[in-house]
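I am opening a notebook on a structure that is new to me, and I will write down what I look up, entry by entry.

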Amino acid sequence: MIKHWIAACALTLTQPALIAQTAHADTLVDNIRGETIAAGGSVQAFIALMFDDNGVITAVYHTGERLPRQGKKGYQYRIDGKGHVLLPGMIDAHAHVIDTGFALLRLDLTDTASLDEALARIAAYARAHPDRPWIVGGGWNQERWHLGRFPTAAELDRAVPDRPVWLDRVDGHAGWANSAALKLAGVTAATPTPDGGAIDRLPDGRPAGVLVDHATALMDRVVPTPTPRDLDLALATAEADFAKMGITAVADMGTSINEWLAYRRAGDANRLYIRIMAYALGTEAMATIGGTGPTPWLYADRLHMGGVKLFLDGALGSRGAWLKAAYADQPASHGTPLLTETQLGNLMSRAAMDHYQVAVHAIGDQANATLLTTIDDLGHTYRGERRWRIEHAQIVDPADWPLVATIAAKGGLIASMQPVHQTSDRVMAEARLGPDRLRGAYAWASLKRQGAVLAFGSDTPVERPDPWTGIAAALSRQDKTGAPAGGWQPQERVDRPTALAAYTTNAAWAGFAETRFGRIAPGQRADFILIDTDPMTATPDAIRHTKVFQTWVGGGKTWDADAPAGEAKDKPERPL
Ligand SMILES: [Zn+2]
């Protein structure tokens with residue numbers, strides 16, 4: 001018996017959490033094949049570790065070293081690793097925590113094959129959630145249903161007659177309402193069609209149910225924003241999802257004030273099961289949350305707001321990424337900057353002057369070039385190790401690589417990248433960029449060679465927050481079917497220690513957390529996982545199928561694949 005833990009059901013959030021009150025005691029974890037990134041960046045093996053009652057590692061044992069014995073001077077409790085591989089907990093360097101929870105909770109129609117199937121699922125979802133005043137969700141596609149027209153409010157009324165329903169189309173460019181929702185939004189035969197939008201209408205002019213593009217704003221005014229309870233549930237759902245993949249910490253890239261308050265509620269109730277390095281969504285949220293500088297590390301290093309997230313451009317898929325030359329598949333467009341160079345400089349300066357870290361979303365090569373120039377300029381004023389973060393750094397023109405090196409050497413530069421984006425978006429990227437610009441696309445190895453620190457993540461919920469798929473992609477540049485043979489632009493693959501570091505020590509360094517967590521070493525938080533696959537030797541395909549047996553955060557177990565049924569093995573546990 002290590003400590004006493006009880007399973008917490010994510011749905012019963014009203015129960016007060018109990019605080020750990022155990023005797024002062026050390027816990028030994030042995031019978032493991034331990035691996036961690038050591039100080040110099042190499043992989044170090046070990047055979048056991050010890051952590052204290054505060055969940056801090058006190059000792060690490062290597063081959064040939066004598067293990068302590070049970071008793072007063074040794075350990076009190078023991079975790080038998082059963083010969084499994086033990087790694088530091090995985091850190092997702094770019095995640096959206098609350099959105100990950102909502103994506104898992106909301107009604108999802110993406111795989112429905114017919115209108116009838118969709119209606120049955122909607123009705124079942126409404127029955128399962130009698131306390132929800134609105135039913136919201138999305139993913140429907142009338143093409144996939146072979147309907148030949150939009151679905152209607154009358155059809156949706158058959159599934160849910162008593163409550164408003166609002167469901168996004170799969171592309172997010174239209175929504176489907178039932179009669180109750182249309183009534184609440186005040187959409188009638190007399191409603192004029194908004195500019196840039198359309199209202200699907202019946203022959204007599206009444207709204208039929210689907211609103212397109214700008215017309216969806218009519219519904220946005222009445223669809224309720226998430227309540228604190230919704231946010232708490234989304235957080236708990238996301239935490240459980242992260243824990244079962246072996247993730248113990250995340251950088252939350254764009255934390256709103258309400259999301260921050262949800263993290264604080266969870267922390268105050270001793271119910272925060274993951275470490276969150278928050279980057280405020282814009283300078284206003286930053287100043288509201290942090291005041292004149294980053295917050296302290298709260299709740300035994302479980303929550304910290306250290307910086308701001310800014311957006312310089314959009315995404316490649318929707319041709320919003322800002323390119324130097326026109327899109328290969330749309331010669332009239334270079335994409336769109338979301339900020340002018342002056343605005344970007346002002347916002348970054350606003351953050352840097354109060355010693356906030358700056359993380360900027362930059363996808364296109366022009367966005368990355370502009371960001372690098374701006375960082376270089378600001379570096380004259382804001383000296384010292386600033387650890388400037390580029391989020392995605394998806395296409396960086398090789399002509400700009402020397403600037404990466406300059407900045408990396410001066411203030412520190414983090415390329416916060418998502419290996420799975422490369423394998424998911426490869427075909428789309430080829431179409432958007434043409435053959436000549438691919439050398440700078442997802443250029444992990446090249447950016448590392450220039451001195452940028454690689455921190456890897458998933459951008460969940462855009463991709464599943466699965467670090468094993470990420471490591472497999474990082475090593476192979478192949479997707480799960482093995483395509484393309486030999487890997488896409490294989491010169492940009494990274495080696496195994498680099499991939500492991502990007503999900504552990506580097507991801508911690510990217511959040512100024514390297515003295516707190518990210519490696520297995522004395523003084524670090526006891527965040528570790530037990531898995532069946534050794535990422536230093538296994539094939540990328542085997543790594544992709546890694547089984548996570550247990551996940552521990554600060555000496556507390558947050559996931560156990562072998563938990564008996566009824567103990568909610570997919571739910572976080574709480575200390576008793
Ligand atoms: Zn993101």
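Predicted model: local features only at pLDDT ≥ 70, side-chain atom pairs only at ≥ 80, totals over all residues.

**Entry 1**

I began with helices α6 and α7 (residues 257-268), whose axes come within 9 Å and cross at roughly 70 degrees. For my own reference, helices (H or I, at least four residues) and strands (E, at least two) are DSSP runs, numbered from the N terminus. Axes are lines fitted to C-alpha atoms, for helices over the stretch in contact, and angles run from 0 to 180 degrees between N-to-C directions. I therefore noted α6 and α7 as roughly perpendicular to each other, a term for angles of 65 to 115 degrees, while under 35 counts as roughly parallel, over 145 as roughly antiparallel and the rest as oblique. The crossing of α6 and α7 is right-handed, that is, the near helix is turned clockwise from the far one by less than a right angle, anticlockwise being left-handed. On the α6 side the contact is made by P228, L231, D232 and L235, and on the α7 side by N258, E259, A262, R265 and A266; two residues are in contact if their C-beta atoms, placed from the backbone, lie within 7 Å.

Residues are numbered from 1 along each chain as its sequence is written.

**Entry 2: the cores**

Next I looked up the largest nonpolar core, which has 136 residues, and found that V250, V358 and L454 have the most contacts inside it. Helix α6 (residues 228-244) gives the most to this core, with nine residues. Such a core is a set of buried Ala, Val, Leu, Ile, Met, Phe, Trp, Tyr and Cys residues joined through C-beta atoms within 7 Å. A residue is buried if 20 or more other C-beta atoms lie within 10 Å of its own, exposed if 12 or fewer, and partly exposed in between, with C-beta atoms placed from the backbone. What does V250 touch, not counting residues up to four places away in sequence? I listed I91, D92, A95, V97, F242, I274 and I276. Apart from this core lies another, of 29 residues, including W166, V187, V210 and A215.

**Entry 3: strands**

Strand β9 (residues 90-95) is mostly covered, since six of its six residues are buried. I found β9 paired in the parallel sense with strand β16 (residues 247-255) over four bridges, and two strands pair if DSSP finds at least two bridges between them. The bridge partner of A95 in β16 is D252.

I then followed an open sheet of six strands, in the order β10-β11-β12-β13-β15-β14, with mixed pairing. At its edges stand β10 (107-108) and β14 (197-201), each with a single partner strand, so one side of each is left without a neighbour in the sheet. Strands β13 (residues 174-177) and β15 (residues 207-213) run antiparallel and are joined by three bridges, and A174 stands opposite V212 in β15. Helix α2 (residues 115-128) packs on the sheet, touching β10, β11 (135-140) and β12 (165-169), and its direction makes about 155 degrees with that of β11.

**Entry 4: a loop residue**

Is Y75 buried or exposed? Y75 is buried, with 22 other C-beta atoms within 10 Å, and its place is in the loop between β6 (57-61) and β7 (77-80). Leaving aside neighbours within four places in sequence, I noted that Y75 is in contact with D26, T27, L28, M50, P68 and Q70. Y75 and F51 are 24 residues apart in sequence and 9.2 Å apart in space, C-alpha to C-alpha.

**Entry 5: another helix pair**

Helix α12 (residues 419-433) and helix α14 (residues 467-476) pack at an angle of about 70 degrees, with their axes 7 Å apart. That makes α12 roughly perpendicular to α14. The contact is made by P419, V420, Q422 and T423 of α12 and by T469, G470, A473 and A474 of α14.

**Entry 6: backbone details**

The peptide bond from T460 to P461 is cis, with omega near 10 degrees, and P461 lies in the loop between β22 (453-456) and α14. A cis peptide bond also joins A483 and P484, with omega about -10 degrees.
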